[in-house]
Amino acid sequence: MHQLFRLVLGQKDLSRAGDLFSLDDSEIEDSLTEALEQIKIISSSSDYQTNNNDQAVVEICITRITTAIRETESIEKHAKALVELWDSCLEHNLRPFGKDEDTPHAKIASDIMSCILQNYNRPPVMALAIPIAVKFLHRGNKELCRNMSNYLSLAAITKADLLADHTEVIVKSILQGMVQRLSLGTCFRRHLKVLSSICSLWEARPRVLEAS
């Protein structure tokens, strides 16, 4: 692992975390998986949810890591470590503290979600991500669920067979979300995108949809 990542994560040194952005993406790319593994250890500690310093260090490091992954187009190389960190968030509370205040692990999950699921057109990445993604649909965080549904809709259009084993969970979540959106009067264009994903899933698993 790059020595600066080792310092920042090993000592949880918030004062040096910003220096990670002074490094070239190519200089740290080989360190990203190991850094993600270290972040998982930190975020799984018993006091993480109350330790503001550790949370800030983790947030900065995740931003730097996801930026480097996008810029170096190395998502497939680091997808396993990303998904494992993402999965670890499910072991913790994801329900918002207040109206707009996400829990520390919900923040991690949201940042990683966008990095992973923007690659909905890469089957190797989606094969790792989708079994974890569907678990977030019913964890009491409406914002995570809404964003997850949007990404999964795109994945269903592009590669529906990867979602086939999870059709029932996904469709129930989509239908529930449609009811909520219609009640709020949101735009019809969004409903059309969601409906197109249902059609894609129907082609892969029609009996489940008919039962729903």
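This is a predicted model: local features need pLDDT of at least 70, side-chain atom pairs count only at pLDDT 80 or more; totals for chains, interfaces and linings use all residues.
Tyr151 belongs to helix H9. Its relative accessible area is 18%; because buried means under 20%, Tyr151 counts as buried. When residues up to four places away in sequence are not counted, Tyr151 touches Met113, Ser114, Leu117 and Gln118.

## Overall architecture

The secondary structure of the chain consists of twelve helices and zero strands. Read from the N terminus, the order of elements is therefore α-α-α-α-α-α-α-α-α-α-α-α. The chain has 212 residues, of which 45% count as buried.

Among contacts between residues at least 6 apart in sequence, 72% join residues at least 24 apart. The chain exposes about 10,800 Å², and carbon and sulfur atoms supply 48% of this area.

In soluble globular proteins, nonpolar side chains tend to be buried together. Here the largest nonpolar core comprises 54 residues, and those with the most contacts inside it are Phe5, Trp86, Ile116, Leu117, Phe136 and Met148. Two or more residues are given to this core by each of helix H1 (3–10), helix H4 (32–43), helix H5 (52–72), H6, H7, H8 and H9.

## Helix H1 and Phe5

Leu4, Phe5, Val8 and Leu9 are the buried residues of H1. Seen down the axis of H1, they fall within an arc of 115°, so they line one face of the helix. On the other side of H1, Gln3 and Gly10 are exposed. The buried residues of H1 pack against helix H2 (14–17), helix H3 (25–28), H4 and H5.

For Phe5, the contacts beyond four places in sequence are with Gly10, Leu20, Ile28, Ser31, Leu32, Ala35, Cys61, Arg64 and Ile65. H1 is followed by Lys12, which has a positive phi, near 50°.

## Packing of H4 against H6

Two packed helices are described by the angle between their axes and the distance between the axes. The axes of H4 and H6 come within 9 Å and cross at roughly 5°. Angles under 35 degrees count as roughly parallel, and H4 is therefore roughly parallel to H6. On the H4 side the contact is made by Leu32, Thr33, Leu36, Ile39, Lys40 and Ser43, and on the H6 side by Lys77, His78, Ala81, Leu82, Glu84, Leu85 and Ser88.

## A buried histidine in a loop

His92 lies in the loop between H6 and H7. With a relative accessible area of 16%, His92 is buried, because the cut-off for burial is under 20%. Leaving aside neighbours within four places in sequence, His92 is in contact with Ser43, Ser44, Gln49, His105 and Arg139. Of these partners, Ser43 is also one of the H4 residues that make the contact with H6.

Conventions:
Residues are numbered from 1 along each chain as its sequence is written. Side-chain values use heavy atoms; hydrogens and water are left out. A nonpolar core is a set of buried Ala, Val, Leu, Ile, Met, Phe, Trp, Tyr and Cys residues joined through side-chain atoms within 4.5 Å. Buried means under 20% relative accessible area, exposed over 50%, partly exposed in between (1.4 Å probe, protein chains only). Helices (H or I, at least four residues) and strands (E, at least two) are DSSP runs, numbered from the N terminus. Contact means heavy atoms within 4.5 Å. The arc is that of the directions from the helix axis to the C-beta atoms. Accessible areas come from the Shrake-Rupley method with a 1.4 Å probe; for residues, only the protein chains shown count as cover. Axes are lines fitted to C-alpha atoms, for helices over the stretch in contact, and angles run from 0 to 180 degrees between N-to-C directions. Angles under 35 degrees count as roughly parallel, over 145 as roughly antiparallel, 65 to 115 as roughly perpendicular and the rest as oblique.
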